[in-house]
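Hello,

Here is the structure I promised to hand over. Please have a look at it first; my notes follow.

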Amino acid sequence: MLGKLYDEKLGVSAMAASTSPGVKVVLLDIEGTVCPISFVKDVLFPYALRVLPQTLEAQWDSPAFAKYRDAFPPEYSSSRDELAAHVRGLMAKDVKIAYLKSLQGYLWEEGYASGDLKAPLFPDVAAKLSSWHKNGLEIMIYSSGSVPAQKLLFKHTNAEPSDLTPLISAWFDTVNAGLKQEIKSYQTIRESHPDIPSEQWLFLSDNTKEVDAAIAAGMQSMVVQRPGNAELPDEVRKRLKVIESFDTLGDSL
């Protein structure tokens, strides 16, 4: 249901979204939900492409790099130039495939460690995750980015403290859960915690097809509309619950 709250900072009435009683798990998307879409497309992707050539040159025969190289199809994993061209082609089309996501996470790791990369969370995110955690809610992540890349992002944020990984109890990606617009993926996630009924899960995402899939799997779900996200059609706002900040959700749900 939706109710009105008075926002003292803005001096305006704001819509407050409420969930059904008994939410135990908050399952979060990343891009466009907890941080701007532009961080991925304008910062992370260009960084990976920039460091790719030197990484391939320096680490091609390294045992540590071998598992990322060998995950690519044989026609690409046998040549530095072919692999680099394939990566550029996949990223230009924003293809979400497991072996690319794993390589991207590996490339970003050094950038986070050096301080060149830091995840710019929306202002409401860190405080609300902390409040949910303190109130006994499980916080889990489900993103098309690989689990290692997810952990890097939440370990190196613009929050204080920067590392939010202690607040998060589980991580899901397209490898261990499945594609994000498929109902079965949300069933798989729920089945990983069989003690928690599907109706006690709340999935938050900017992607309406993901929200529809989660609802079809029995979860509660809302669309998160953030600055920089595509405008939502009126039909979506009538059909689905939409929030613009985690602050419109309670601390205990």
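**Salt bridges**

There are twelve salt bridges by the rule used here, namely a side-chain nitrogen of Lys or Arg within 4 Å of a carboxyl oxygen of Asp or Glu. Before the details, two remarks on the basis. This is a predicted model, in which local features need pLDDT of at least 70 and side-chain atom pairs count only at pLDDT 80 or more, while totals for chains, interfaces and linings use all residues. Residues are numbered from 1 along each chain as its sequence is written, and side-chain values use heavy atoms, with hydrogens and water left out.

Start with Lys41. Lys41 forms a salt bridge with Glu31, with the closest N and O atoms 3.9 Å apart. Lys41 sits in helix α1 (residues 37–59) and Glu31 in the loop between β3 and α1, so this pair ties together parts ten residues apart in sequence. Helices (H or I, at least four residues) and strands (E, at least two) are DSSP runs, numbered from the N terminus.

Lys41 also pairs with Asp94, and here the closest N and O atoms are 3.1 Å apart. Asp94 is in the loop between α4 (80–92) and α5 (98–114), so its bridge to helix α1 ties together parts 53 residues apart in sequence.

Both partners are partly exposed: Lys41 has a relative accessible area of 37%, and Asp94 has 25%. The cut-offs are under 20% relative accessible area for buried, over 50% for exposed, and partly exposed in between (1.4 Å probe, protein chains only).

Another bridge joins Arg69 and Asp70, at 2.9 Å from N to O. Arg69 is buried at 14%. Asp70 is partly exposed at 48%. Elsewhere, shared partners link Glu31, Lys41, Asp94 and Lys96 into one network of salt bridges.

**Ser144**

Ser144 lies in the loop between β4 and α7 (147–155). Ser144 is buried, at 12% relative accessibility. Beyond its neighbours within four places in sequence, Ser144 contacts (heavy atoms within 4.5 Å) Lys96, Lys101, Thr174 and Lys180.

**Helix α8**

Which residues of helix α8 (residues 183–191) are buried? They are Ser185, Tyr186 and Ile189. These residues span an arc of only 95° around the axis, which puts them on the same side of α8. That arc is taken from the directions from the helix axis to the C-beta atoms.

Best regards
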